[in-house]
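This report describes the nonpolar packing and the strand pairing of the structure shown below.

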Amino acid sequence: MGKFTSSALFQKIIFWMPGLMSLLRYKREYLSFDIKAGLSVAAVSLPVSIAYAELTGVGAIAGLYSTILPLIVYALFGSSRQLIVGPDTATCAVVAAVVFPLAANDPVLRWQLVVLLTIMIGIWCLIAGKLHLGALADLLSQPILIGLLNGISITIMVDQLAKMFGFKYDYSYLIERIAYLPFKISEIHVLTAFISFFTLAILVVLKKFKPRYPAPLFAVIIMTFLSWLFNFEHYNVRIIGGVTSDFIPAESWIDFDKGLMRNLVVPSLNIAVICFVSMMITVRSFASKNNYETNADVEFKALGMANIVAGLSQGFVVSGTSSRTAVNDANGGKTQLVSIIAAVLIGFVVLFFLSPLQYIPTCVLAVILIYSSLSLINFQTIIRFFKFDRDAFYLSLTTLISVLVIGIIPGMALAVLLGLFLFLRRVFRPNDQLLGVDESGRIHSIGSDVSPLSNTMIYRFNSPLTYFNIAYFKRRIINYIDESPETINYVIVDAIPCFTYKDVSVLTGIDELVKSLKVRNVVLILSGRRKTLKNWFKQMNIKLDTDYIEFAYDLYFAVRSVQSKEHMESKNDEDVNN
């Protein structure tokens with residue numbers, strides 16, 4: 001009994017903590033690769049975490065808090081060996097869009113809202129993982145995601161231009177900001193602009209000549225040292241200021257307006273989906289590249305745990321980060337020990353080296369954000385959609401324009417809604433095909449080498465039949481028969497793709513179709529799912545006219561049956577004539 005209980009517990013641990021099991025089975029030869037990758041990931045994560053804190057509107061320390069414990073938690077609970085979690089561009093921009101209007105100019109309230117939003121996102125992810133909703137990874141189609149990332153990237157870049165050049169916007173909406181940007185030229189702070197371009201030069205040069213080096217870290221170290229040496233603040237160059245390891249004051253939670261939490265429920269659900277979808281794209285890409293399996297439901301739970309821990313440690317939303325995961329992979333990282341090493345190093349900085357961070361110029365962080373956002377710009381794919389899939393092109397372009405014109409949150413909601421409508425339209429009115437038989441007896445779509453059968457129509461409906469498309473299905477078959485230049489005696493329907501589940505509306509609709517075909521003296525033959533379909537009609541107590549409906553094992557069986565009947569009828573006609 002004890003052995004059985006121990007085995008069951010072990011299996012449960014494997015399911016919930018695949019990362020832990022991977023670490024328990026750790027191979028010593030991986031250690032040198034993981035240490036190198038861990039150092040590189042920490043070097044990249046430090047500056048970008050501070051930059052994303054600036055983007056989210058909370059203190060730099062919150063960015064570091066968002067990086068330490070979530071890395072460790074994902075290392076234990078995640079199924080990917082290489083994914084690096086942390087703040088990322090898209091989710092931080094969406095979080096800022098949610099909390100800024102609610103918090104006004106209160107930095108403590110803003111931080112509180114960010115923490116609560118992060119915990120809510122984690123809870124949604126845990127619920128989704130428990131309900132096995134890993135399939136939500138496919139909810140945001142690639143066209144929506146491409147349009148969304150392009151829109152968010154442009155929004156971030158325009159927003160950070162003000163910090164990069166040392167001026168302030170008079171408007172909160174993107175279109176107005178772009179329209180009035182030329183009028184801000186006179187307000188540019190020359191020294192801030194010079195520092196920004198110098199930072200950009202460091203990033204570009206290192207990217208070109210030393211691509212493996214953590215360019216953002218070098219840029220931050222160099223510019224922070226110069227800021228301390230020449231006292232940039234004295235020349236009105238804004239720096240991030242004192243960075244302490246403080247938390248949100250406990251007394252501020254007493255006066256917190258609990259009603260504000262209602263405003264976070266729907267956005268937290270939306271952000272949870274975005275985090276998971278973007279994370280799974282990275283997870284699947286690197287798992288495929290390195291030939292191992294991952295589990296979407298486990299990833300949902302791991303993402304939930306990471307966000308709950310991020311919120312409880314006063315950090316903000318984390319997701320899978322493609323850039324830091326790429327750094328891990330490029331430096332030969334083998335296991336999630338990389339995440340633990342990176343977390344320990346960043347924790348060491350928080351404990352002993354916070355003081356120098358106060359000299360980081362905010363324009364340097366703005367340049368890093370703009371530089372990171374440039375990697376998300378992908379207009380080539382949208383253009384490719386135009387050439388090969390117009391629906392995808394219009395969906396992606398609409399998402400991009402929506403985010404730019406009406407904002408990130410409403411634009412994202414509109415994009416998902418449009419994607420859902422596009423899917424429903426394809427289910428409501430799917431494409432269909434008339435099939436024929438080639439010279440070798442194989443069934444294909446009718447074309448130059450494939451001819452229809454004499455007096456017989458073979459029909460395929462490329463969508464599951466349900467209550468909202470059964471009428472269209474019947475109408476298409478009747479129209480094909482009525483418009484056919486020759487008499488149709490048999491209609492063979494490929495039942496495999498369209499009869500996927502029992503629906504009383506569909507089965508009743510088939511009965512109505514049989515009656516319509518009877519008037520035209522046409523027999524309906526449903527090919528495939530023969531036994532299942534018969535049982536469905538019997539269970540629903542639908543009595544079909546068996547003279548005008550038949551059930552076949554498959555298309556080929558149905559074709560042979562029809563050809564045999566046609567041959568017999570032809571022979572009988574000859575006998576009568578003789």
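Leaving aside residues up to four places away in sequence, Ile271 is in contact (heavy atoms within 4.5 Å) with Thr91, Val94, Val95, Val98, Leu117, Ile121 and Val317. The model is predicted, so that local features need pLDDT of at least 70 and side-chain atom pairs count only at pLDDT 80 or more, while totals for chains, interfaces and linings use all residues. Residues are numbered from 1 along each chain as its sequence is written, and side-chain values use heavy atoms, with hydrogens and water left out.

Ile271 is also one of the residues with the most contacts inside the largest nonpolar core, which has 118 residues. Such a core is a set of buried Ala, Val, Leu, Ile, Met, Phe, Trp, Tyr and Cys residues joined through side-chain atoms within 4.5 Å, where buried means under 20% relative accessible area (1.4 Å probe, protein chains only). Helix α6 (residues 107-130) gives the most to this core, with 12 residues; helices (H or I, at least four residues) and strands (E, at least two) are DSSP runs, numbered from the N terminus. Apart from this core lies another of 47 residues, among them Leu453, Ile458, Leu465 and Ile510.

Strand β6 (residues 490-494) has 5 of its 5 residues buried, so it is largely enclosed by the rest of the structure. Tyr490, Ile492 and Asp494 point one way from β6, and Val491 and Val493 the other way.

| Partner of β6 | Bridges | Bridge pair |
|---|---|---|
| β5 (residues 456-461) | 4 bridges | Ile458 with Ile492 |
| β7 (residues 523-527) | 5 bridges | Asp494 with Ser527 |

Technical notes:
Buried means under 20% relative accessible area, exposed over 50%, partly exposed in between (1.4 Å probe, protein chains only). Two strands pair if DSSP finds at least two bridges between them.
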